[in-house]
Amino acid sequence: DGSVDALVVNWNSPGGEVYGVTEAFSVIRQAAARKPIVSVSNSQLASAALWLASATSEIFVSPGAEAGSVGVFAAHLDQSKAMEAAGERIEFIVADESPFKAEGNPTEPLSEDARAVLKAAVNRYMSAFVHDLAKGRGVSPDHVRKAFGKGRMLSPADAVAAQMADRIGTLDDAIRRASQLGRERKAGPRAEELPLEPVAVDPAPAAPAAEEPSKLSKGDLARIARMR
């Protein structure tokens, strides 16, 4: 839509399942190559939400928010003792060609083989998570593993210091920044001439010193109306 100069994504999410996140990351990153997309953690930017936000042009963390939870886990609920106490037992009959079809079911303890398979899947998805975060934030995979909290949430200042986010700021700050980036992009090559290949994201700058918030212009307000 040529009438839209920039986008703002207002995040408040604990994350979710891994399915489809890599594909969504790629789509958002391609869109950010066409026009600026600014993310803001308002107030939780965790796990898969951070994964997707890292595909955008810049990330703000509002002063009372947090970001992180970089990690992947799988859970197995063993209901065998509860079923035994209730006098129940389930037996799975599987086809000869699919001996692992009922592996990891909740009616029995997790076998060592099933645990190893789940652990391998968790590590595989974690590798994809780290790879995309590194690509989106312009840092090395090793930096992501060491500095992005190792599964913990980070405060706004720590998230910026770790290069997980670019700035500390509110939703209004993110809107103003998106408007600025949109004007700058509009003054450059036309959007349809820009490549679809993702652009590199420079390492995050230090958080700017606090300053008096500027008033939104009529042009900004018009853009905000289109963003909602």
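Close-up 1. V94 is partly exposed at a relative accessible area of 32%, where buried means under 20% relative accessible area, exposed over 50% and partly exposed in between, with a 1.4 Å probe and protein chains only. The place of V94 is in the loop between α3 (80–85) and α4 (112–137), helices (H or I, at least four residues) and strands (E, at least two) being DSSP runs numbered from the N terminus. Together with I90 and F92, V94 makes a nonpolar surface patch of about 250 Å². Patches are made of residues with over 30% relative accessible area and no salt bridge, like charges being joined within 9 Å and nonpolar side chains (Val, Leu, Ile, Met, Phe, Trp, Tyr) within 5 Å. This is a predicted model, in which local features need pLDDT of at least 70 and side-chain atom pairs count only at pLDDT 80 or more, while totals for chains, interfaces and linings use all residues. Residues are numbered from 1 along each chain as its sequence is written, and side-chain values use heavy atoms, with hydrogens and water left out.

**Close-up 2. The pairing of helices α1 and α4.** The axes of α1 (residues 21–34) and α4 come within 11 Å and cross at roughly 10°, the axes being lines fitted to C-alpha atoms, for helices over the stretch in contact, with angles running from 0 to 180 degrees between N-to-C directions. The two helices are therefore roughly parallel, a term for angles under 35 degrees, whereas those over 145 count as roughly antiparallel, 65 to 115 as roughly perpendicular and the rest as oblique. On the α1 side, T22, F25 and R29 meet A128, D132, K135 and G136 of α4, contact meaning heavy atoms within 4.5 Å.

**Close-up 3. R176 in helix α7.** R176 lies in α7 (residues 171–187) and, with a relative accessible area of 18%, is buried. The side chain of R176 meets that of D173 in a salt bridge at 2.9 Å, N to O, and D173, three residues away in α7, is partly exposed at 26%. The C-alpha atom of R176 is separated by 9.7 Å from that of V8, although these residues are 168 apart along the chain.

**Close-up 4. A salt-bridge network in the context of the chain.** E58, R167 and R177 are linked in a network of salt bridges, and the structure holds eight salt bridges. The protein chain has eight helices and six strands, and buried residues make up 38% of its 228 residues. Among contacts in the protein chain with a separation of 6 or more, 74% come from residues 24 or more positions apart.

Conventions
Areas by Shrake-Rupley, 256 points an atom, 1.4 Å probe, with all protein chains shown as cover. Salt bridge = Lys/Arg side-chain N within 4 Å of Asp/Glu carboxyl O.
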